[in-house]
Amino acid sequence: MASTSEREIRQIEAANASGDTPVVFIHGLWLLPSSWANWADLFRQAGYAPLTPDWPDDPDTIEAARAEPEILAGKSLRQIADHTTEVIEALDRKPALIGHSTGGLLAQMLAGRGLSAATVAIDPGIFRGVLPLPAATLRSAGPFLIDPRTRGRALTLTFDQFRYSWANALDAEEARELYDRYHVAGSGLSLVQMGNANLNPRTEAKVDTKNPDRGPLLIIEGEKDHTVPWAIAHATYKRQRRNPAVTGIVRMPNRGHALTIDHGWREVARTALDFVERFAPSGRAPTTSVPRARDASADSGLPSGAPAAETGRTSGQ
């Protein structure tokens with residue numbers, strides 16, 4: 001585990017010692033592993049062993065990341081996926097994977113390698129074969145993608161950019177609070193790899209959607225997301241549903257790209273936990289009662305608690 005940090009090693013050792021099913025949380029651009037703190041606590045209460053791996057060279061704190069943003073530049077999708085694979089392969093049990101945004105793409109890449117017991121991809125980034133590029137996405141990422149200097153830079157969003165692309169479903173006060181609490185620079189290289197996924201046949205933004213060892217997959221999408229609108233999430237679902245394993249998609253009403261860190265994070269986390277519990281049980285009873293989510297499928301026409309769409313079959317059904 002040459003590239004694994006001391007913090008990650010402690011989490012791996014704790015997960016292996018617990019005997020509980022591990023859950024690996026993968027952050028995306030413009031966040032750090034600490035953005036998963038509330039989720040990790042919730043899953044721990046439900047009997048799981050949470051891990052929040054870094055992207056290579058992630059600073060330990062928000063303050064350190066803002067002091068030296070250039071550290072976050074130049075991280076490629078393959079580099080991050082390989083690092084996370086190193087963490088996963090050090091675990092005694094196959095984990096569930098949960099990723100948000102670019103982390104949602106990475107979770108699918110790792111599931112395509114057969115490394116996941118169950119996967120939840122939240123507002124997932126684009127991979128090759130996912131064709132829609134809605135106007136909202138172009139407004140969010142377009143200014144970066146047309147700048148040839150982006151590949152080598154660490155990119156910081158202005159508050160106005162963050163408000164449009166992440167916090168458009170929130171009031172100004174909460175948007176400012178989230179920006180001040182969580183936002184850090186992100187790797188321009190990773191952004192370009194996703195943005196050019198369908199133009200570059202050698203792109204690292206590729207997912208093996210046909211691997212029968214992919215395992216069950218749920219896509220969670222925020223209805224008002226400007227960074228990864230419904231057209232992208234649904235196109236991702238349509239490619240993934242060809243897999244023989246269960247593939248589902250849920251649309252969270254009135255939620256934007258900040259849905260994992262805003263005031264409604266618990267509803268999204270509970271939706272993810274319900275799915276993980278179906279296919280990768282914790283192995284023990286939760287230590288405290290974890291409240292169930294409000295129905296997230298209100299616009300799907302399905303019974304309460306059902307994904308907006310689900311296909312495939314697994315031995316878990």
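**Strand β4 and its surroundings**

Colleague: In which sense do strand β3 (residues 96-100) and β4 pair?

Modeller: This is a predicted model, where local features need pLDDT of at least 70, side-chain atom pairs count only at pLDDT 80 or more, and totals for chains, interfaces and linings use all residues. Residues are numbered from 1 along each chain as its sequence is written, and side-chain values use heavy atoms, leaving out hydrogens and water. Strands (E, at least two residues) and helices (H or I, at least four) are DSSP runs numbered from the N terminus, and two strands pair if DSSP finds at least two bridges between them. Between β3 and β4 there are five bridges, and the sense is parallel.

Colleague: What is the handedness of the unit that β3, α5 and β4 make?

Modeller: With the strands pointing away from the viewer, a path from the first strand over the helix to the second that runs clockwise is right-handed. The β-α-β unit of β3, α5 and β4 is right-handed.

Colleague: How many of the 11 residues of helix α5 (residues 102-112) are buried?

Modeller: Buried means under 20% relative accessible area, exposed over 50%, and partly exposed in between (1.4 Å probe, protein chains only). The buried residues of α5 include Leu 105, Gln 108 and Met 109. The helix is largely enclosed by the rest of the structure, because the buried count is 11 of 11.
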